[in-house]
Amino acid sequence: IFGIYGSADASIHTALGLHALQHRGQEAAGIVSMKNDEHFLHFAEGLVADNFTSSRIIKKLEGTSAIGHVRYSTAGKKTARNFQPIYAELSLGFLALAHNGNLTNAQTLRKKLINRGAIFQSTMDTEVIIHLIALSQKFSLQEKIIDAIAQIEGAFSLVIIHKDGIIALRDPYGVRPLSLGKLGDAFVVASETCAFDIIGAKLEREIAHGEMISIGKNGIESSKPFAEKPSKFCIFEYVYFARPDSLIEGKNVYEMRKNIGIELAREIKIDADVIVPVPDSGVPAAIGYAMESKIPF
């Protein structure tokens, strides 16, 4: 997921950011931008480079704020109605949301919402969040989001766009990564820091477990509205998901993979001719194993 607020080139930066995050999902991509109260959107099956490079598409995504998503389906079928960001018109106006993670109580909540009259357009667990926000009796958008999030369980890093800015939040367990960056006067959020590098943004910090940040014309506001939980960060980010040049939880992914290989060589010694990496994400670990074991890479 990717989001930017306060840039005249918001849609360009979002397309580039998604290109840098392409390894996290290759099924489809989507961008939603906003200019004042107007929203603009484009979704496409396949790769970012094949669908978001034409000036015609970028020009139609007007505005100084935008969010984007690359899809790797874990909940919901591989159909166009499950492309993200998911969007809707709510009582407080237009809202779009991009989600990285899995909700473990999505089916239970979905059944309850349908029984209350909710009409679902997709099979994604993400749509549950939109309905919970829409039905919340709280006053402000931030309060509605907090009310909705308090009802869901599982892994979720989210970025939300609305007429007044963008909101980003990370679940209290911190299962999936989310970072905050700065590009001139613009604020950027992304699943990985490699998305900052491609647009020349500077990493400010990681969004903390259970933290919600609101970015708008008054700058950035941070809060921790959810009960503190023990860290359950997903080790598979270091093993496979993340790009090796990203910083995740303050650690360089390439170095972490190499160190995993070194530790593996210490714990499990083998009689072999060569160490071969499979697939590409195994290269640093194989290098580490080869270094420690003295078996050729």
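Trainee: Which residues are linked with Arg24 in a network of salt bridges?
Mentor: Arg24 is joined by Arg176, Glu192 and Glu237 in that network of salt bridges. A salt bridge here is a side-chain nitrogen of Lys or Arg within 4 Å of a carboxyl oxygen of Asp or Glu. This is a predicted model, in which local features need pLDDT of at least 70 and side-chain atom pairs count only at pLDDT 80 or more, while totals for chains, interfaces and linings use all residues. Residues are numbered from 1 along each chain as its sequence is written, and side-chain values use heavy atoms, with hydrogens and water left out.

Trainee: How many salt bridges does the structure hold?
Mentor: The structure holds 11 salt bridges.

Trainee: What about Glu192 and Arg24, what is their N to O distance?
Mentor: Their side chains form a salt bridge at 2.6 Å, N to O.

Trainee: And are Glu192 and Arg24 buried or exposed?
Mentor: Both Glu192 and Arg24 are buried, where buried means under 20% relative accessible area, exposed over 50%, and partly exposed in between (1.4 Å probe, protein chains only).

Trainee: Moving on, which residue does Lys35 meet in a salt bridge?
Mentor: Lys35 pairs with Glu62 at 3.2 Å, N to O. Lys35 is partly exposed, at 38% relative accessible area, and Glu62 is partly exposed too, at 32%.

Trainee: Last one: which residue forms a salt bridge with Lys163?
Mentor: Asp164 does, with the closest N and O atoms 3.2 Å apart. Lys163 counts as partly exposed at 42% relative accessibility, and Asp164 is partly exposed at 47%.
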